[in-house]
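Reader: I would like to learn how to read this model step by step. Could you take me through it?

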Amino acid sequence: MSDLLLTISLPHFLVVSFLLLAAGISTMLTKRNAIGILIGVELVLNAAAINFVAFNHYGWPGVRAAPAIDGQMFAIFIIVLAAAEASVALAIFLNFYNNFGSIDVERADDLKA
Amino acid sequence: MTPVQAHILDLLAAATLIPLASALLLLFAGKRWLGRLSGWVATLAMAGSCGCALAALSAWQDNLPATIVFEIPWIPVPGQAAGYLNLGMLVDHLTVAMTAMVTLIATLVHLYSIGYMQGDKRFERFFAYLSLFTFAMLGIVVSASLTQLFVFWELVGLTSYLLIGFWFERPGPRLACKKAFVMNRIGDAGFLAGLAILYCKLGGNLLLPAAGDAQTPSGVPIETIYQTLTAILADENASILSPPAWLTFAGIALFCGAIGKSAQFPLHTWLPDAMEGPTPVSSIVHSATMVAAGVYLTARLLPILTPGVHLFIATIGLVTLVIGACMALVMTDIKRVLAYSTLSQLGYMVLGLGAGAYNFALLHLVAHAFFKCCLFQCAGSVIHAAGGKQDLRSFGGLWRKMPATMACFAVCTLAIAGASVMGVGLSGHYSKDGLIACMHNYGLALDEAFNPGGTTFPFAHIFYWAPVAVAYVTAFYMARAFTLTFLGSPREPHLIEHAHEAPLTMLVPQGALALLAVVATPWGMAFWGDRINASAMIVPWVQGGTEEQVGETAVEFTHHAVGFAWLVGIAGGVALYAAGTKNAARLAKLPGVRLLHTWFLNKFYFDGLYDGFVVGLAKAVAGLAWILDRAVIDAAVDALAKRVREGAASISPFDPDPSGSPINSVAFAAQAADQALRPTHSGRIRLYVLLAFGSAALILMAVLILVFAARAAGHAA
C-alpha cells in the first residue's frame, strides 16, 4: 500500500485519466450550453492523451515500455486535432448563435423526426 | 558559485514570479474580494518585483561579468546527449538591465492605470492582464534557452491580444487585437522555422549565447549555442564569416519573429492599430514589453548571426526607420503620431543591431522605453482631459490647463529629439548620436566590401544618411505634436473648457518617467558601456560598438550632421504649426509635397495591399474551389443520377407489379424500421452522447468479460 502511494506508476496516470474522462462525459451530459459541451469534449480528449503518454512510458504487463516517443507524438497529434476541432466547433456555434440567438443545444432540433 | 551570484539569481527569480502571482490572485480573487483595491495590490506587487530587480542590478554592479545559467530538466528528449530540454535562467548584464527597465516601467504603468482605468467595469481583470503581460516579458528576458524563450514569446502574444482588445465591445479594438495577433503569428511561423533548423543541426539544448562564458551555479562551464555552432562549423571547415546556407536561413527565419514582435517593415501595420487598446497598454507595449522583445531577441542572437543576416536586419531596420518617420509626419491622431514615432525609433534600434552597434542599440532601447512611455501617458492624460477626443487639430492651448503634463511632454520631446548643448544632453542624444556614428562606420565598411576598387557603391551610404535625415524629421514631428496640442490658442474652446490636470496617480508616473528620460542614459552609459565592453561579446566580425572603435571621423561626422538636428527640427515644427494647421495645409497643397502627403497619409497603402492581395487571394482560391465544386463534382454527381434514372426508366417495363415487387418491399421494410427507430432521434444531443458512451461502455464490458472468460477457460484447461 505504501509502495502504491510513494511511487508513481501506471495506475496513477490511469486514475487521473479516468477521472478526466468521467468529468468530461458528465459535463457533456449535463450542460446545455454548447461551449460547456465543447469543454467536456476537450477533457475527454485530454484523458485519451494522458493514456497514450502513460502507456508509452510504462508499457503494460507483458509489453515492454516503448523506447521511442510514439505515445508522446500521438498526444501532440491529439492536441493539434483538438485545436482544429475547437475552431470548427466554435465556428458552428457562431453560426448557430446567428440563427437562434442562443447557444442552447436543446434548441438544435430542426432535424428531429 | 559565489554568494553574490546566488543572491542575484534569487532576486531575479522573485522579480519574475511576483507579477505572475499577483496576476493569478487578481484573476481568481480580484472581483470577489479585492474589488477596487486590485489596482493597488497589483501596483504594490509590481513595486516589490521592481525592488528585487533594482537590488539585483545594484548587486551586479559590484560584480564582474560572470554569467550564471541555472537549469532544471523540463521535457525528456530520448536520443539527445543532454537528455532534456531545460528550463532555466540566464543571468548576465543584459538580463539584469532589461529586468530593471521592464519592472520599473511596469510599476509606473500600473500606477498610472489606477487613475486611467478608474470606473471601468473590468478594472480587476485589466490589472490581472497587465501583470501577466509583464510576467511574460520578464520570462523572455530571463529565459536560458531558445525553446523556453519561445514559450514566453507566445505568452506575450496572447496577453497583448487580451490587452489590445480589452474593450472588445467596440469594433475597433476587436479588429486591432485580431490584426496584432495574426501579424505576430506570421512572424512567429518564421521563428518556429528557425528554431527547427537550429534544433536539427545543433540538437536539443539551444542555450542562448551569453555575454562572456556561461557557467552553472556550481561553476561548471556550459556550452551555449554559440560554442556548439562554432564547433560544428569548424568540423565543416566553415565559420560564421563564411557560413553554410542553413545558418543564414536560420538567422533570417529567427529574425522574422522579431519582425513581427517589434513591428518591423513588412509586418508593421499592427502597431498603429494597437492604439485601440487603453492608453496604459499602448504606453507599456510601445516601451518596455512587446516591441522590446524583438529587439532583445535580436541582440541576444547577434553572436550567431552571419554577416548576410546582419545586412538583412540592417536593411529591414532602415526601411522601418524611414517609413515610420514619414507617416508620423502627417498623422492627426495624437496616439498615432506617437505610434509611428515608435516604429521609426524601433527602426533605429534594429538598424543599429544589424550594423553591430550592439550597446548603442540597447542603450536606445532603454532610453526610448522611458521617454516613449512618458509621451504615451501624457497623451493619455490629454485624451482624458479632452473627453476622449484624440485629434491633434482640435486641441491647442492646453498649456494653460495642464502645465505639469505639458512640462513632461516637453522634456520627452527634447529627449526623443536628442537635445544637447556642448556635449551634454538628454537621453536620446547619447544613444541616437552613438548609433549614427556606428552607422557611418558600417556604411563605409559596406562600401569597402562591395567596391574594393574604390568606385562608390551608392546604396551603402544610405545606411548613415537616412538615420541622419530621420533625426531631423523626428524633432520636427514631435515639435508638431507638441505645438498642436499645448501651444497657441484653443481651436475648439468647448472641448477644453472642462479640461483639467490629470489626477495624482497619473501625474506621478508621468513625472517619474520624465525624470528617468533625463537621467537614465548617463547612468545607462556607465552601466552599459563598461559592462558590455568588459564582458567581451564574442562577435569579432561586427564593427562599431565601443566609443573607441567608433573613431574620430565618425564622431566628427555625427557632430556635424546631427549636432543641431534637434534645434532645427523643433524650431521648424513650432514655426510651422504655431498658428494651427493653416500653414501646413497650404504647404501640403504644393505639387510635389501633395503626392508625398497622400502617400504618407494612406500609410503607403500597406493595409490596402494586404487586404487586396492576401484577402483577395484567399477569395480567389475560394471562388476557384466553388467553380470546381459546381462544374466538376456536382456535374459528375448530376450526370450519374441522370444515368441511374434513365436506367431505372428503361427497366421499369420489366417490373410487372409495382406494389409487390422485391425492390418496393425493401423500401417498405426500411420505412417500417425508420418508424420504429424514430423516437431515438429526439433532437436532444445529450441523449445521443449518453447513447454513444453507454453503448461504448457496454461493448467494452462485453469484450472484457469475454477475455476474462476465455482466460479462465484457458486456466481451467
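Author: Let us begin with burial: a residue is buried if 20 or more other C-beta atoms lie within 10 Å of its own, exposed if 12 or fewer, and partly exposed in between, with C-beta atoms placed from the backbone. By that count, 19% of the 113 residues of chain A are buried, and for the 717 residues of chain B the figure is 48%.

Author: Some ground rules come next. Residues are numbered from 1 along each chain as its sequence is written, while chains are lettered from A and ligands numbered from 1 in the order in which they are written. This is a predicted model, in which local features need pLDDT of at least 70, side-chain atom pairs count only at pLDDT 80 or more, and totals for chains, interfaces and linings use all residues.

Reader: What is the mean pLDDT of chain A, and what is that of chain B?

Author: The pLDDT is the predictor's confidence in each residue, from 0 to 100. Chain A has a mean of 85, with 85% of its residues at 70 or more. Chain B has a mean of 82, and 89% of its residues reach 70 or more. Over residues 531-547 of chain B, however, the pLDDT is below 50; beyond near neighbours in sequence, this stretch has 46 contacts in the model. Two residues are in contact if their C-beta atoms, placed from the backbone, lie within 7 Å. For the complex, the predictor gives an ipTM of 0.82 and a pTM of 0.82.

Reader: How many residues does each chain bring to the contact between them?

Author: Twelve residues come from chain A and eleven from chain B. The chain A side divides into nine nonpolar, no polar and three charged residues. Here Ala, Val, Leu, Ile, Met, Phe, Trp, Tyr, Cys and Pro count as nonpolar, Asp, Glu, Lys and Arg as charged, and the others, Gly among them, as polar.

Reader: Is a given helix straight or bent, and where does helix 1 of chain B bend?

Author: Compare spans: the expected span of a helix is 1.5 Å times one less than its number of residues. Helix 1 (residues 3-34) of chain B spans only 38 Å between its end C-alpha atoms, whereas a straight helix of 32 residues would span 46 Å. This helix bends by about 55° at Phe28(B), the bend at a residue being the angle between axes fitted to the seven residues ending there and the seven starting there. Just after helix 1, Gly35(B) takes a positive phi of about 60°. By contrast, helix 12 (residues 307-330) of chain B should span 34 Å over its 24 residues, and its end C-alpha atoms are 36 Å apart, which agrees. Helix 12 is also mostly covered, with 18 of its 24 residues buried.

Reader: Which residues of helix 21 of chain B are buried, and why do they fall on the same side?

Author: An α-helix has 3.6 residues a turn, so residues three or four places apart point the same way. In helix 21 of chain B, the buried residues are Ala565(B), Trp566(B), Gly569(B), Ile570(B), Gly573(B) and Tyr577(B). They cover an arc of only 110° around the axis, which puts them on the same side of the helix; the arc is that of the directions from the helix axis to the C-beta atoms.

Reader: What is the phi of Ala263(B)?

Author: Most residues other than glycine have a negative phi. Ala263(B) has a positive phi, near 55°. Ala263(B) sits in the loop between helix 8 (245-261) and helix 9 (270-273) of chain B, and is buried, with 31 other C-beta atoms within 10 Å.

How values were computed:
Helices (H or I, at least four residues) and strands (E, at least two) are DSSP runs, numbered from the N terminus.
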